[in-house]
Amino acid sequence: QNPKTLETVRQLASQGDVEELQACFGSRMEFGTAGLRSAMGAGVSRMNDLTIIQTTQGFCSYLEKSFPDLKDRGVVIGFDARAHPPSGGSSKRFAHLAATVLISRGVPVYLFSDITPTPFVPYTVSHLNLCGGIMVTASHNPKQDNGYKVYWDNGAQIISPHDKGIAVAIEENLEPWPEAWDETLIKNSPLLKDPYEDINKDYFKDVQKHCFHRDINKDSTVKFVHTSVHGVGHKFVQLAFKAFDLNPPFAVAEQKDPDPEFSTVIYPNPEEGEGVLTLSFALAEKEGATVVLANDPDADRLAAAEKQKSGEWRVFSGNELGALLGWWIFRCWKEQNSDASALKDVYMLASTVSSKILRAIALKEGFHFEETLTGFKWMGNRAKQLLDQGKTVLFAFEEAIGYMCSPTVLDKDGVSAAAILAELTSYLATKKLILSQQLKTIYEEYGYHITKASYFICHDAETIKKLFEKLRNYEGKDTYPKSCGDFKVSGVRDLTTGYDDSQTDKKAVLPTSKSSQMITFTFSNGGVATMRTSGTEPKIKYYAELCAAPGNR
């Protein structure tokens, strides 16, 4: 049905390129809690028209079994600006194909008419009480990739058992349904609705509830630079600043418009730091701006950098921004809530590989802190459980520059985070302080938390498996290392096998997963180190943190 992918396969066959054909057709993409993510192109291992149709048929079939009122409530679909001309694939095309599949079964579809940030999809699910959501994006992956992210009716990313249920349903619905290819089906269908204008209006109205210093914002002389790194974020961050009565940030002209080639960066990931921010720093120097804000291409993450008194730029880590935002959001809540008894229902969340700084703040201030497995799917679902129990969830974050600053979006949101961080910066300026100074004050009050996180690229699954198995059988079967250099290991938690020697029954409390690797070592000096595999990239990630008690350095 797609002449471009068909021609690719014919050429590979005529050239006898067995290796590439095997790569395309050897194994089907696995659907998991992160949905799908792969290169665009021909074959069942790639993102293309057919695999999108098959995936949506499985998702639709699973929704039909799960929700008797599916045809009353419906599903939302959003997309970013990715495109792959050689295969004819694009996020917009994939979103339209997904909408066609759902409408062919009588399911109402709220299809955004234009590119939109990822957080707008979970927001729409919750705001309109829909049965689910689909976001077509590969976030900050390389340009040839695309992805298919799925949300459940609670507004959070899917977790087990839904991932497995959808995966089974996909396998049961591989043959395209009769009308699945008929894109004319959605053109005049009464089942197709465009939520773009209403959601834009309502989202920013809800974001305004987190603006607490409008007068300061109006008068602020702090200048900001913003880059959307060739993604979707430019318009929406401008609107977020407007909603907070902040002066608009200077936009990096070369990067503000969507560009599927990501032509000015090697990797479109602001986590990579200075390399992605070079043009932002140049614009900041030209305009006299002191803070740079950067979204990843689907605008669910936020990076930030600040010019120091020395003239150097400091790029904040995800953990440092988590400390600043967590401190600020609690401070704003406290100003609005003088009743100390309300603290018993206040929560903050962080993933287990993120800094423990929120735990330290919670211990001193008296609110609750909870740790979840890595990924916002866990924090979003846990936040929803707490909200349903009448609790207040103020903030959640992960070290990979992801922040949930408002419970109206049960996922990371780089748009609202940008406005809230800008308000914090403007407030500090009235005290003649900058973000770096405030971060130091937080560490002095609640204890220094020194972190180091990075990764190794590894494309060989067998090598990764051997590496982790060596750690599990270090000095004989089922033995872990007792030290690392001069530092003695005092505890081990293995969330692949479910082992945790800090528990009396040696069983981990957090959920375990045999399909991903993750081992955490605690050291007698208070240090914590974790190694894990990434669910969406060929990376072995590592995280280390040393936590000091308040007053200690």
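User: How many aromatic pairs does a search of the whole structure find?
Analyst: Keep in mind that this is a predicted model. Searching the whole structure for aromatic pairs gives a total of 19.

User: Why does the pair Phe 395 and Phe 397 count as stacked?
Analyst: Stacked rings need planes under 30 degrees apart. The ring centres of Phe 395 and Phe 397 are 6.0 Å apart, and the pair is stacked because the planes sit at 10°.

User: What is the angle between the ring planes of Phe 397 and Tyr 403?
Analyst: Phe 397 is buried, at a relative accessible area of 0%, and Tyr 403 is buried too, at 1%. Their ring centres are 6.4 Å apart, and the pair is stacked because the planes make an angle of 15°.

User: Which ring does the charged end of Lys 364 sit over?
Analyst: A charge over a ring has to be within 6 Å of the ring centre. For Lys 364 that distance is 5.7 Å, and the ring belongs to Tyr 446.

User: Is Val 75 buried or exposed?
Analyst: Val 75 is found in strand 2, which covers residues 75-79. Buried means under 20% relative accessible area. Val 75 comes out at 0%, so it counts as buried.

User: How far apart in space are Val 75 and Cys 131?
Analyst: Val 75 touches several residues beyond its sequence neighbours, including Leu 130 and Gly 132. Cys 131 is 56 residues away from Val 75 in sequence, yet C-alpha to C-alpha the two are apart by 5.8 Å.

Conventions
Residues are numbered from 1 along each chain as its sequence is written. This is a predicted model: local features need pLDDT of at least 70, side-chain atom pairs count only at pLDDT 80 or more; totals for chains, interfaces and linings use all residues. Side-chain values use heavy atoms; hydrogens and water are left out. Helices (H or I, at least four residues) and strands (E, at least two) are DSSP runs, numbered from the N terminus. Buried means under 20% relative accessible area, exposed over 50%, partly exposed in between (1.4 Å probe, protein chains only). Contact means heavy atoms within 4.5 Å. Rings of Phe, Tyr and Trp (its six-membered ring) pair if their centres lie within 6.5 Å; planes under 30 degrees apart count as stacked, over 60 as edge-to-face and the rest as tilted. A charge sits over a ring if NZ of Lys or CZ of Arg is within 6 Å of the ring centre and within 35 degrees of the ring normal. Lists of a residue's contacts leave out its neighbours within four places in sequence.
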